[in-house]
Amino acid sequence: MDAASPRPSPTALPVSARIGADLKAQIARGVYPPGSALPSTRALAAELGVSRTTVTAAYDQLVAEGYLETRPGARTRVAAGILAAASPGSAAPVPPHRLSAFGRRLLAEPAPPAAPAPAIDFRYGDLSGDDFPVLAWRRALNAVLLRRPARLGYGDPRGLPALRAALQAYLWRARGVSCSPDQIVVVNGSQQGIDLCIRLLVDPGDRVAMEDPGYGTARRAFAAAGAALLPVPVDAEGLQTGRLPGLGPARLAYVTPSHQFPLGGVLPAARRQALLAWAEGCGALIVEDDYDGEYRFDARPVEALVSLDRAGRVIYAGTVSKTLSPQLRLGYLVVPPGLSEAFTEAKRLADRQSPGLEQAALAQFLAEGGYERHLRQVRRRNAGRRAALLAALAESFGGAVRVEGAAAGLHLVAWFEGVPAAAEAGMAAAARAAGIGVYPVGPLYHDPAARPDRAGLLLGFAGSEPDAIRAGIRRLAAALAAAHLTAS
């Protein structure tokens with residue numbers, strides 16, 4: 001039963017079920033202790049004014065559940081070993097459950113706060129529901145359903161062959177990735193892909209280089225696995241690869257080279273070559289998270305880092321969460337040939353396979369060209385949303401806000417000149433009180449001392465329409481001014 005569904009009222013239950021529930025309550029209170037005899041079905045039926053058949057059904061159910069015992073020629077009795085419920089206030093305190101080292105590390109990392117969505121939400125990762133290609137996706141699903149297989153069973157843990165073939169062709173066309181279908185593993189979003197990388201490649205204590213600031217959920221996953229995190233600063237061009245030799249040996253690096261999260265830098269060719277040379281020199285692997293690389297508004301999307309890899313050092317993670325919907329939970333890994341078997345078996349043990357119907361629909365959508373047509377449409381729409389956000393920030397804040405990372409992706413960072421970093425939490429609280437959701441940049445830094453002392457807000461724009469974006473920024477400006485949280 002869904003936890004949100006109300007329990008049926010006692011009067012809504014069948015009479016035999018109500019009698020059974022009452023008898024369980026009497027047993028729990030000790031009215032009928034273990035081994036004691038219950039009234040005969042005839043006597044209880046007469047007392048309650050119901051048929052004997054109804055009481056018999058109640059007794060039979062309690063026998064099946066182990067509350068009662070019957071023997072030929074003897075009265076029905078309460079089963080031996082049934083314990084009466086403790087009286088209120090007498091129960092011993094429940095000791096805390098023992099968690100594994102992973103569980104303890106997991107809870108030591110702060111989880112994202114849960115709160116109702118505000119009226120206008122600039123949360124990164126949300127997409128507009130109006131952008132989802134309902135008709136095209138339904139056609140793809142219908143086509144798949146009409147090809148009903150003769151036998152239903154588990155498939156290849158790597159994903160449907162048709163989807164992996166379609167992804168191989170798409171990645172070559174759109175991202176410059178050359179691979180075989182055997183290197184592709186379909187996963188439940190890129191987050192599961194990151195989790196599989198950690199399970200297979202990182203032992204507790206292994207050193208992992210990560211961008212700082214960077215993607216908080218990935219950092220939390222590596223920390224929960226016991227990795228020793230090595231924060232590497234970023235600048236306007238992404239990861240500062242010149243810092244890598246000073247780190248010493250590392251097992252792995254996690255990077256977002258096509259659109260650094262959250263500051264938006266695009267790693268240039270020289271730094272990409274330096275990153276690959278560092279990985280080859282120290283025997284490290286690189287996880288390339290291409291979370292929204294399809295969105296570049298002023299030029300063609302840059303090719304993926306893996307397209308330059310000649311030594312089998314890069315694991316590429318992609319997703320449709322930023323192009324179709326995060327609710328589909330479909331992503332994919334491209335792994336070096338020597339790791340294909342390990343990732344296949346890890347995926348098999350994790351959940352056997354990703355949902356087959358959605359995989360088949362995506363394969364159909366890709367093969368018929370619908371995915372790329374949809375991508376062109378949403379790229380235009382998001383360009384309009386981005387333009388609305390940039391114009392609204394300029395109109396409401398002028399030179400008091402400096403924008404970073406707006407050339408690509410589905411978010412930007414607004415730095416508030418003259419406002420200290422410590423004001424970020426107050427800014428987010430004042431905005432939420434006005435019905436606006438904005439998100440501080442501070443929690444994305446591993447090393448707080450490495451961040452500039454100015455307030456920054458991460459603003460996603462793909463989930464709202466231009467009119468709502470403009471209204472949201474105006475309300476944000478009014479809320480911050482009222483709370484005296486803007487530069488004087």
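**Helix crossing, α5 and α11**

I started with how α5 goes past α11, and the crossing is right-handed. This is a predicted model, so I keep that in mind for every entry here. I then looked up the geometry: the axes of α5 (residues 134-146) and α11 (residues 356-367) come within 8 Å and cross at roughly 115 degrees.

Next I listed who makes the contact. From α5 I have Ala136, Trp137, Ala140, Leu141, Ala143, Val144 and Leu145. From α11 I have Leu357, Glu358, Ala360, Ala361, Leu362, Gln364 and Phe365. I sorted the residues by class and got 12 nonpolar, 1 polar and 1 charged.

**Salt bridges, the count**

I moved on to charged pairs. How many salt bridges are there? I get 19. I picked out a few to look at individually.

**Asp182 and Arg158**

I checked this pair and found a salt bridge, with the closest N and O atoms 3.2 Å apart. It links distant parts of the chain, the two residues being 24 apart. Asp182 sits in the loop between α6 (161-175) and β4 (184-187), while Arg158 is in the loop between α5 and α6.

Buried or exposed, I wondered, for Arg158? I noted it as buried, because its relative accessibility is 17% and the cut-off for buried is under 20%. Asp182 comes out at 44%, so I put it down as partly exposed.

**Arg348 and Glu345**

The closest N and O atoms of Arg348 and Glu345 are 2.9 Å apart.

**Asp467 and Arg470**

I then went to α14 (residues 466-482), where Asp467 and Arg470 are about one helical turn from each other because they are 3 residues apart. Their side chains meet in a salt bridge at 2.6 Å, N to O. Asp467 has 57% relative accessibility, so I wrote it down as exposed. Arg470 is partly exposed at 33%.

**A network**

Last, I looked for bridges with shared partners. Which residues do they join? I found Asp131, Arg381, Arg385 and Glu465 connected into one network.

Definitions and conventions. Residues are numbered from 1 along each chain as its sequence is written. This is a predicted model: local features need pLDDT of at least 70, side-chain atom pairs count only at pLDDT 80 or more; totals for chains, interfaces and linings use all residues. Side-chain values use heavy atoms; hydrogens and water are left out. Axes are lines fitted to C-alpha atoms, for helices over the stretch in contact, and angles run from 0 to 180 degrees between N-to-C directions. Helices (H or I, at least four residues) and strands (E, at least two) are DSSP runs, numbered from the N terminus. A crossing is left-handed if the near helix is turned anticlockwise from the far one by less than a right angle, and right-handed if clockwise. Contact means heavy atoms within 4.5 Å. Ala, Val, Leu, Ile, Met, Phe, Trp, Tyr, Cys and Pro count as nonpolar, Asp, Glu, Lys and Arg as charged, and the others, Gly among them, as polar. A salt bridge is a side-chain nitrogen of Lys or Arg within 4 Å of a carboxyl oxygen of Asp or Glu. Buried means under 20% relative accessible area, exposed over 50%, partly exposed in between (1.4 Å probe, protein chains only).
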